Structure formats: C-alpha cells, structure tokens
Amino acid sequence: MQPFFVYLLNCADRSYYCGHTDDIETRMQQHDVSESGYVSTRKPFNLVWQGEFETREGAIAFEQQIKGWSRAKKEALIAGDWDRIQELAKSKKSVRPEPVEGDARLRQAQPSPSTSSGRTVEDGSGRTVEEGSGRTVGGGSSGRRVFLEQLIDVGDATTQRRAIAKAITLLESTRTDHRTQADELLTALLPHTGKSFRLGISGVPGVGKSTFIEVLGLYLIKQGHRVAVLTIDPSSTVSGGSILGDKTRMDMLSVNENAYIRPSPSSGTLGGVAEKTREAMLVCEAAGYDVVMVETVGVGQSETAVANMSDMFVLMQLPNAGDDLQAIKKGVMELADLVVINKADIDAIAAQRAQLQITSAMQLLGMFGEYVESNWHPKAIQLSALKGEGVEAFWAEVQDFKARQTANGKLLERRQQQSLSWMWERIDAGLKLAFKQNPAVSRLLPEMIRQVVDGQLPASTAARNMLLAQINHAQEATE
C-alpha cells in the first residue's frame, strides 16, 4: 500500500508550514523551485518533521490538526515529546505516530473521528465551530483552550491572524448564542490585555488618516513594535452596506507580518467608531500587539467616542480649515491630547498659521480643563504623512505623553473611567434591545406608528405610551 506523508517545514522567517503528499522527495523539490505559495516567499526552509499514514484521509486529518496547534506544540512534535503535547493540549490523548519496523520514518496511525483538530471554521449557518468536533468556540472548555492558545501564541503568525479575525467576527455577531460565547471569550482574554498603548486617530474626511497611520505603523515596526489598526468605515443609510476600503490605502502595512488591520462597519453607531471597537481592541492586545490604533470615520465636531476608548486622542487637521473661532468651538477639539496638522508641505504659511491658531485655542481650552493636574497640555504639530516628514517628532510627543500620564497615574485612571463608560453603554444598548423585544411594546408599536404618521399623536406621547406598556408588562410578570 502506498503511504501518505504529513510534513512540517521550518521557514526562513521562523514560521512553520504543514502539508501532505504521497511523494515527500518530489514535494520538497517542488517547494524548492516554486515561485508561488507560502513557502516560496520564505526560503530557505528545512524539513523538520514527517509522519507516514496508511490513507490519504488520515494524512489530511492530521495535517489539519497540526495547523491548529500552537508553536510550542509543533516544537514538541518535532522533538517527539508527546507527553509535552498532551500537557499543552490538556484534552483527549492525541494519536501518536508508530515506528515503522526497519525504517527511520514514522508511520502515523489515522486519527479517530472524535479527535478534534483544534482549528476553528465556519459551518454552513455561519457559526464559528471547532473543526472535527461540531462545537462552537465558546461551547466547550477544550475548544476554548485551543482557540485561546491560537490567539495568544505569537509564534505561528498565520494561525494567530486567523484566530484574531474569527474572534472579532464572533464579537461583532448579533446572534444571542454568539453573544454568550463572546462574553466568555472576553473574560478569558482580560488577563492578557492592558499592555498596549491605545491611540485614537480622528479627523475630517480627506485629512490623510490612512496615509498617516501606514507611515506611522511602518515606522513603529522598525522600532520593534507590533501594530494593530482598527479602521471604521461608515455604513450606508440607504443600503446598510459598507465599502471597508481603508485597508487598500495601507498596501505596505497590510502585508507586514508585524501588523494587523481590521476594517469594521459603523453599522449606524454614532461617534465615529463601531459598536464593538472596544472589544476588538482587547483581542488585539491579547494577541501581543503593543500599539493599537483606532482610525475613525471622517468625523465632525460632535463625534468624540474614540476619545473615550483610547489612551491618547489625536485629532488631525488641515491647513486653511478654519479661523480662530472655529478652533475654540467645543466638542472634538477640547478632547484632543495632540493636534496634527497634516499636508503641511502643500502650503507652509497656511500650516504655520493653523498651528498658531490651534495652539492659542488649546491654551484657552486648557484653562478650564484638567491639564495642569495631569502635567500635560495639548499641542499642535505639523507633518506631511505623504512625504513621511514629522513622524519621528510625532512619536516623541506620544512617548512624552505616555511617560507623564503613567507617572502621575492619570493613564490608569483614564482606563478605569473608560471601562465604566463601556459598561453603561452596554447597559443602554441592552435596555434598548429589551424594549424592542418586549411583547407589550410589540403589540402597541404598529398602532403608535400609525397614529404618529397620520398626525393624530405627538411622537413624544407615543414614546411615553410604549414605555408605560413596557413598565406595566414588567410589573405583571413579577406579580
């Protein structure tokens, strides 16, 4: 009987590639000469492990199992340390390869159908499940352990990025069962969060946010950081769809293995962010990204939500964007920790004038704020993201801000207040959902809508009637 092989390659970038074949020598030659595929861009590579199977189905099943393993488990496999694999898995006993008599290679027994691969996939209904087990990610302790292992382990970049994407998708889901799983996931992730610096970046449409974030991200990666970018795209009020095109503006950053970019639709959420942006930030932190940037939709003066979920709020402005009066208007300007005047290379005089106007305005706003207590006063600086000028000076200001806020305890206090705000926002959203799902409200709603549309009843009275219906229904349920 012709054997089938599962093999593991260690590539030049220290990542692992797992595959299967019926001719190991020919397959290695194909990898060596191929100019496409995962291995082609990560040469040279070494064959560090191979296992022999009696059937192709067995080989494919074990290949999928290895692909779901963490880097530590792969290294234990290479070393032949099956006790260590069992310790890391903390689940059912894995299938060991059995030695082939008279041959240095290993013949791998076919994994039993009940053995889970540890990979997470989406089934036909859109549910995220653990492959081979039929269990949802949050539905079993073994599945959750494997999923968390993939998410937190930085060693296998491909597996981790897939786990991050699936985790955020789960968090953004509106299904009731998915929300329960999402709560369990966030609770498990919390011990691994809080170690990154959260940077909120906002500004009007066309100010150059995406260009600036890409230049800044590449600069930070060169300094040894890992960068996650959460971009928010406005959803159409007509179709409900969203282009999610910000990632296309960051073509160099998006392919860097030390960066992760996730576009999300605003889905009607006001304030320039998405409903689950906070949750997505925690996922990225748990995955080891030490700088997490949130790029808002093109916002106006009243859209300030990102300031309430970041350690530092950066507002981007354009030269010739307004006068002194515009600069001192309340709203987004008074919340900014740093104002960046982008595209300063286009008109140096206008950029200088804008910097002076904004600096003067922020000094006035600071008289009524807490900047004296926090030992930081907002500044306005110039840069050109397109030419890459001023990025180093910008990051120096960020580091200065971080050091000051950490030393006086304001950074921790800010995060604590943000967590409480997050809790109340979720309560507000939950109450709104419960109101819509209330049976008494559902029965009364069509009639109230008809009377409001026909001009027979003020909208405020209709709203009050439905709120009373909800209260009365709740009282009846408790009696």
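How many residues does the largest nonpolar core have, and which residues have the most contacts inside it?

## Basis of the model

This is a predicted model, in which local features need pLDDT of at least 70, side-chain atom pairs count only at pLDDT 80 or more, and totals for chains, interfaces and linings use all residues. Residues are numbered from 1 along each chain as its sequence is written, and side-chain values use heavy atoms, with hydrogens and water left out.

## Overall architecture

The protein contains 18 helices and 15 strands. Helices (H or I, at least four residues) and strands (E, at least two) are DSSP runs, numbered from the N terminus. Of the 479 residues, 45% are buried. A residue is called buried under 20% relative accessible area, exposed over 50%, and partly exposed in between (1.4 Å probe, protein chains only).

The protein exposes about 23700 Å², and carbon and sulfur atoms supply 54% of this area. Accessible areas come from the Shrake-Rupley method with a 1.4 Å probe; for residues, only the protein chains shown count as cover. A contact means heavy atoms within 4.5 Å. Among contacts with a separation of 6 or more, 68% join residues 24 or more positions apart.

## Nonpolar cores

The largest nonpolar core has 43 residues, and Ile164, Val283 and Val339 have the most contacts inside it. Such a core is a set of buried Ala, Val, Leu, Ile, Met, Phe, Trp, Tyr and Cys residues joined through side-chain atoms within 4.5 Å. Apart from this core lies another, of 31 residues, including Leu338, Trp376, Ile381 and Phe394.

Leaving aside neighbours within four places in sequence, isoleucine 164 is in contact with Leu151, Tyr260, Val283, Ala287 and Tyr289.

## A helix face and a surface patch

In helix H4 (residues 82-89), the buried residues are Trp82, Ile85, Gln86, Leu88 and Ala89. Viewed down the axis of H4, these buried residues fall within an arc of 165 degrees, so they line one face of the helix. The arc is that of the directions from the helix axis to the C-beta atoms. An α-helix has 3.6 residues a turn, so residues three or four places apart point the same way.

On the surface, Leu420, Met423, Trp424, Ile427 and Leu431 form a nonpolar patch with about 500 Å² of accessible area together. Patches are made of residues with over 30% relative accessible area and no salt bridge; like charges are joined within 9 Å, and nonpolar side chains (Val, Leu, Ile, Met, Phe, Trp, Tyr) within 5 Å. Tryptophan 424 belongs to helix H16 (residues 410-437) and is exposed, with a relative accessible area of 51%.

## Salt bridges

A search of the whole structure finds 15 salt bridges. A salt bridge is a side-chain nitrogen of Lys or Arg within 4 Å of a carboxyl oxygen of Asp or Glu. One of them joins glutamate 172 and arginine 262 at 3.2 Å, N to O. This pair links distant parts of the chain, with glutamate 172 in helix H6 (residues 157-172) and arginine 262 in strand S11 (residues 259-265), 90 residues apart. Glutamate 172 is partly exposed at 28% relative accessible area, whereas arginine 262 is buried at 13%.

Glutamate 285 and arginine 198 also meet in a salt bridge (2.5 Å, N to O). Glutamate 285 lies in helix H10 (residues 277-286) and arginine 198 in strand S9 (residues 197-203), so the pair ties together parts that are 87 residues apart in sequence. Both glutamate 285 and arginine 198 are buried.

## Backbone features

Most residues other than glycine have a negative phi, and most peptide bonds are trans. Lysine 43 and proline 44, however, are joined by a cis peptide bond, with omega about 0 degrees. Proline 44 is in the loop between helix H1 (24-33) and strand S3 (46-53).

Arginine 14 has a positive phi, near 75 degrees. This arginine 14 lies in the loop between strand S1 (4-10) and strand S2 (16-21) and is exposed, at 54% relative accessibility. Lysine 343 likewise has a positive phi, of about 60 degrees. Lysine 343 is placed in the loop between strand S14 (338-341) and helix H13 (348-366) and is partly exposed, with a relative accessible area of 29%.
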